[in-house]
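Let's take a walk through one part of this protein together. Have the model open beside you as you read.

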Amino acid sequence: MRLLLVEYDASTANELAEGFAESGFTLDVALNGLDGRHFVEEQHYDLIILDVMLPGLNGWQLLQLIRKRGETPVLFLTAPDAIEDRLRGLELGVDDYLLKPFSYEELLARVHRLLRRGPTGDAASISIADLEIDMTLQRVSRGGQRISMGDREFALLQLLASRQGEVLTRKQIAAEIFDDDPRPVTVALQRLRSKIDERYLPKLIHAVGDDGYQLALLDDEAFDLR
């Protein structure tokens, strides 16, 4: 899971970055709203943690940009007496808020709850053809048969399925799943395809061009996985 933290206080940002790394998350950090906007425009995130009071571009403006681009869950960090901030955030589409000061354990619990809920507030599940993916329970089946896979395999499938039809490059996949190392991507995709596609029709995981991959239900399946 990849998160974005937009927090002006460098000390707080560093402490949270250490905590999320220990909890197994990939975290990008922006210390101002302009850098936060750059991350939002260049990268897909599973959840964004956003401070209201930011230099350069405030939290309201950044939230509006995020909402124009989709339904990524957003958690606001606000001052304890900022009731108007919380009400305005809810009106603009923030998913949750946490009052400062807070413990990392409480923030982590809020993050897990939002990720389980998914972008729409419902149990996160994706279906394409006869492939069923339960994001909450991390269960995968095809044609009614359960498919066992490891954490990295599931994360890769989740990435492709959550952006089905979109062509992702090796670099994008590496940034999301493999700590920016593109070397394992091809082998990981081959292993995933052997589980998802080898014994089933239609084929769902495809290579596109020289460096692109997608999970999609295509009319023309004349693609080879490189």
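First, some ground rules. This is a predicted model, where local features need pLDDT of at least 70 and side-chain atom pairs count only at pLDDT 80 or more, while totals for chains, interfaces and linings use all residues. Residues are numbered from 1 along each chain as its sequence is written, and side-chain values use heavy atoms, with hydrogens and water left out.

Start at helix H7, residues 170–177. Helices here are DSSP runs of H or I with at least four residues, strands are runs of E with at least two, and both are numbered from the N terminus. Because 6 of the 8 residues of H7 are buried, this helix is largely enclosed by the rest of the structure. Buried means under 20% relative accessible area, exposed means over 50%, and partly exposed lies in between, using a 1.4 Å probe and protein chains only. The buried residues of H7 are Arg-170, Ile-173, Ala-174, Ala-175, Glu-176 and Ile-177. Their cover includes strands E1 (2–6), E10 (168–169) and E12 (212–215), along with helices H6 and H8; contact means heavy atoms within 4.5 Å. After H7 comes Asp-179, with a positive phi near 50°.

Now look at two of those covering helices. The axes of H6 (residues 151–162) and H8 (residues 185–196) come within 10 Å and cross at roughly 80°. That makes H6 roughly perpendicular to H8, a label for angles of 65 to 115 degrees. Axes are lines fitted to C-alpha atoms, for helices over the stretch in contact, and angles run from 0 to 180 degrees between N-to-C directions. From H6, Glu-153, Leu-156, Leu-157 and Leu-160 meet Ala-188, Leu-189, Arg-191, Leu-192, Lys-195 and Ile-196 of H8. By class, this contact has 7 nonpolar, no polar and 3 charged residues.

H8 also holds Gln-190, which is partly exposed at a relative accessible area of 40%. Gln-190 and Ile-205 lie 15 residues apart in sequence and 9.4 Å apart in space, C-alpha to C-alpha.

Finally, turn to the sheet. Its 3 strands form an open sheet in the order E10-E12-E11, with antiparallel pairing. E10 and E11 (205–208) stand at the edges with a single partner strand each, so one side of each has no neighbour in the sheet. H8 packs on this sheet, touching E11 and E12, and its direction makes about 145° with that of E11.

Key. Parallel < 35°, antiparallel > 145°, perpendicular 65-115°, else oblique. Nonpolar A, V, L, I, M, F, W, Y, C, P; charged D, E, K, R; others polar. Pairing = 2+ DSSP bridges.
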